[in-house]
Amino acid sequence: MGNENSTDFNHLFQDHQAATRPESLTLEDGARVAVMGGGPAGSLFGYFLLDQAERIGLSLQLDIYEPRDFSLTGPPGCNMCAGIVSESLIQMLAVDGINLPPTVVQRGMDSYMLHNIAGQVRLDTPYLEKRIGAVFRGAGPRGMIESEWISFDGFLLDRAVQKGANLIRKRVDGVERVDGYIQLKTRGDQVHTYDFLAVATGVNTSALRLFQPLENSFQPPRLAQTFVREYYLGRETVESTFGHTIHFFMLDVEGLDFAALVPKGDYVTICVLGKALTQERFETLLDRPAMRSCMPPGWDPREFVCHCSPRINFTGAVHPYADRMVFLGDSGISRLYKDGLGAAYRAAKAASTAVIFSGIGEADLERYFGRASRRMENDNVIGKIIFTLVDLFVKPWGVTARATLRMVASEQSKPPGQRWMSEIIWDIFTGSAPYRDVFWRMLNPSFWSRLLWYMGISLVRRA
Amino acid sequence: MDNNALGRIYTAGEVIFRQGELGDRMYVIQEGKVEIVLEQGGKEIVIAVRAPGDFFGEMALFEREVRMATARALGPARLLSVDQKNLLRRVHEDPSLAVRIIQAMSQRIRNLSGEVARLENWLVELGMSQHRESKG
C-alpha cells in the first residue's frame with residue numbers, strides 16, 4: 001500500500017516537473033498543426049484535438065493533407081480493409097457524440113458464425129442488438145455506378161472539417177525540421193511550417209520513408225499480408241444468405257491466421273489475414289467447403305468485382321513519437337489482427353489529449369501517448385501468444401475444434417458471465433476486451449474444467 | 001426505420017427499462033424520441049423527453065441503485081446501448097470520454113435547479129394567495 005502511494009506521488013511529482021520545466025513545448029494560441037492522412041486516425045485526431053482545444057479556449061489552425069477523394073468508388077477512394085467497426089468502437093464513438101448514420105453503416109451485425117475444421121457455431125451479440133457495423137472505407141467497390149452510401153473515412157473526415165479542420169487535397173512530398181519546427185513540402189515545392197505534425201498515412205504508401213532520415217529512433221511497423229475481395233450478390237441474396245451475421249474462419253490452411261466474410265449492401269467482402277499468406281493459399285481457402293457452404297449456390301470465386309492486397313501491422317512502430325511529432329493508426333501502433341479502426345480511435349484520442357494537456361515535446365508525449373502505445377503493444381504480445389495457442393491446439397486438432405463448438409453451443413442459453421468459451425472467442429474477434437483480459441480468462445480453472453469435459457465428450461462422440 | 005442500421009428498434013410505447021429494475025447500461029438515441037416517466041402513487045409523470053443524440057439511463061453506470069424512472073419509446077425509436085463494464089474500463093484509460101456525460105448531467109442539474117426554483121416560487125405565491133384569502 002505504502003509503495004503504491006509512493007509510486008503515485010512519484011508520478012505526480014514527475015508530471016508536475018515535466019509540466020513546469022521551462023523547456024516543455026506546448027501549443028500556444030494560433031499554433032499550426034498538420035495531419036498527414038485523412039483516414040480514421042488522422043480525422044479523429046483532428047476532431048478530438050480541435051474539440052479539446054475549444055474546451056480550454058485554445059485557438060488552433062489545423063490542416064489535414066489527404067489527396068484521396070473518399071467519395072470515389074474502387075481503389076482510388078478506398079483505404080483497403082474488411083470494413084468492420086467493432087462493438088466497442090461504435091459504443092465509444094456514440095459516447096463521444098459521433099453516431100454513425102444508416103447511410104454510413106451498410107449493415108448492422110447482431111451475430112458471428114465461427115467456422116473451424118469440425119463445423120460451425122453461432123454467437124449472438126448481447127441483448128440481440130446490432131452493435132457491429134459493416135462499412136465501406138471508400139464509396140464502394142469498383143464499378144458501382146450509383147452509390148447511396150457514404151464512405152466511413154469520408155464521414156469522419158467531414159466531422160473533422162465541420163469542427164474547423166482545413167482539408168488540403170495534396171500529397172506531402174517532403175518533411176524537414178527547420179529551427180525545431182516541422183516543414184512540409186507539397187507538389188510545386190510549396191513549403192508550409194507547423195508547430196506539430198501527426199502522421200497517419202497508414203502503411204500502404206511510401207510516405208513513411210520520408211521520416212527515416214529525420215527521426216533516428218522511429219522504425220516503421222513490421223507488416224503482414226492480407227487479401228480482400230468484393231463479390232456482387234445483390235441485396236436480396238445478401239439478406240437471405242447472410243442476414244446480419246459475420247462469418248469467421250479458423251481453418252488449418254498454411255499461412256492463414258483467420259478469414260472473415262462480411263456482408264454489406266449488395267456485396268460481400270472476403271478478408272483473409274496471415275503472416276505467410278500467398279495468393280495460392282488464398283485461392284485454396286476460397287475453395288474450402290466451409291467457405292463455399294456460406295456463399296450462394298453457383299458462386300464462382302473468380303467472379304469478384306474489386307480486390308486488393310493491403311498490408312497490416314504485425315508489430316507496432318518503434319518509438320512512434322518525437323519532439324513535435326506523433327505517428328498514429330497503422331503508421332504507429334495498432335491492435336494485432338483486430339479492431340484496427342478502434343486502435344486508430346484510441347491512438348488519436350491519446351495523442352490529442354497528450355498534445356493539449358501535456359505538451360508537444362518528446363517527454364510530454366511519452367507521458368500520455370507513449371504509455372497508451374506501450375499498453376497496446378504489450379497487449380499485442382499476449383495476442384500473439386493466444387494466436388499461437390490457437391494455431392497449435394485448436395486449428396489442427398479435431399477433438400479441440402469439436403469441443404470448442406460444443407462448448408459454445410451449450411453456453412448460448414446461459415447468462416453472461418457463464419459463457420466462458422463464447423466470451424473468449426467473441427472478445428478475440430471483436431476486440432471488445434484487451435487480449436490480456438482474454439488470456440486471464442483462458443487460465444481460469446472453471447474454463448478448463450468445462451473445456452476438458454467437452455473434450456472428453458468429443459473423444460467419445462465424433463459427430 | 002432501417003432494419004440494417006445499428007442498435008435496436010423499439011416500437012411506439014415499448015418500455016426500454018422500468019423504474020425499480022437494476023441497470024447495467026445506458027442508451028444513446030440514434031433515431032426517434034424517448035420519454036422518461038416517473039411512476040408515483042399510481043400516477044405517471046413525464047419528467048423528460050430525450051431526442052436523437054441524447055443519452056439516458058447513465059445514472060445506472062455510476063450508482064449501484066435501481067432505475068429511478070421508466071424509459072418508453074415515444075413513437076418508433078432506434079437505440080444503441082452502452083455497457084457499464086466496457087465504458088468504465090475505457091474511462092479508466094481515457095478519462096476525457098466521460099466529459100460529454102458530465103456535460104449532459106451538468107445541464108440536467110442546471111435544468112432541475114431552474115425547475116426547483118420555479119416550483120418554490122409557485123408554492124410561495126400559492127401560500128401567499130391562500131393566506132390573503134383566509135385573511136379576507
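Which hand, left or right, does the crossing of helix 10 of chain A and helix 13 of chain A have? That crossing is right-handed; a crossing counts as left-handed if the near helix is turned anticlockwise from the far one by less than a right angle, and as right-handed if clockwise. The model here is a predicted one: local features need pLDDT of at least 70, side-chain atom pairs count only at pLDDT 80 or more, and totals for chains, interfaces and linings use all residues. Residues are numbered from 1 along each chain as its sequence is written, while chains are lettered from A and ligands numbered from 1 in the order in which they are written.

Back to that helix pair. The axes of helix 10 (residues 398-411) of chain A and helix 13 (residues 445-460) of chain A come within 8 Å and cross at roughly 115°. Axes are lines fitted to C-alpha atoms, for helices over the stretch in contact, and angles run from 0 to 180 degrees between N-to-C directions. Helices (H or I, at least four residues) and strands (E, at least two) are DSSP runs, numbered from the N terminus. On the helix 10 side, Val399(A), Thr400(A), Arg402(A), Ala403(A), Arg406(A) and Met407(A) make the meeting, and helix 13 of chain A answers with Arg450(A), Leu451(A), Tyr454(A), Met455(A), Ile457(A), Ser458(A) and Leu459(A). Sorted by class, the residues of this contact are 8 nonpolar, 2 polar and 3 charged. Here Ala, Val, Leu, Ile, Met, Phe, Trp, Tyr, Cys and Pro count as nonpolar, Asp, Glu, Lys and Arg as charged, and the others, Gly among them, as polar.

Now for chain A as a whole. Chain A has 13 helices and 20 strands, and its C-alpha atoms fill a box of roughly 70 × 65 × 40 Å along the principal axes. Its radius of gyration is 23 Å, which agrees with the value near 23 Å for a compact globule of 463 residues. That radius is taken over C-alpha atoms, and the globule rule is 2.2 Å times the number of residues to the power 0.38. Chain A is divided into domain 1 (24-70 + 153-221 + 315-383), domain 2 (75-150 + 223-312) and domain 3 (397-460), with bounds that come from an automatic or database domain assignment. The C-alpha centres of domain 1 of chain A and domain 2 of chain A are separated by 28 Å. Between these two, 19 residues of domain 1 of chain A are in contact with 22 residues of domain 2 of chain A, contact being C-beta atoms, placed from the backbone, within 7 Å. Helix 4 (152-162) and helix 8 of chain A each supply at least two residues of the domain 1 side, and that side has 7 nonpolar, 6 polar and 6 charged residues.

In one open sheet, 3 strands of chain A run in the order 9-10-11 with antiparallel pairing. Strand 9 (172-178) and strand 11 (190-194) of chain A each have a single partner strand, so one side of each is left without a neighbour in the sheet. On average, neighbouring strands of this sheet are turned by 25° against each other, direction ignored. Strand 9 of chain A is joined to strand 10 (residues 181-186) of chain A by 6 bridges, and two strands pair if DSSP finds at least two bridges between them. Val175(A) has Leu184(A) in strand 10 of chain A as its bridge partner. Another open sheet of chain A has 3 strands in the order 3-7-4, again with antiparallel pairing. There, strand 4 of chain A pairs with strand 7 (residues 132-134) of chain A over 3 bridges, and Gly108(A) is partnered by Gly133(A).

On to chain B, with 3 helices and 6 strands in the pattern β-β-β-β-β-α-β-α-α. The radius of gyration of chain B is 19 Å, well over the 14 Å that the globule rule gives for 136 residues, so chain B is more spread out than a compact globule. Chain B is divided into domain 1 (1-84) and domain 2 (94-136), whose C-alpha centres lie 23 Å apart. Strand 3 (residues 25-40) and strand 4 (residues 43-50) of chain B pair in the antiparallel sense over 7 bridges. In their hairpin, which has 2 residues between the strands, Gly41(B) takes a positive phi near 55°.

Finally, the two chains touch: 23 residues of chain A are in contact with 20 residues of chain B. Helix 3 of chain A gives the most to the chain A side, with 6 residues.
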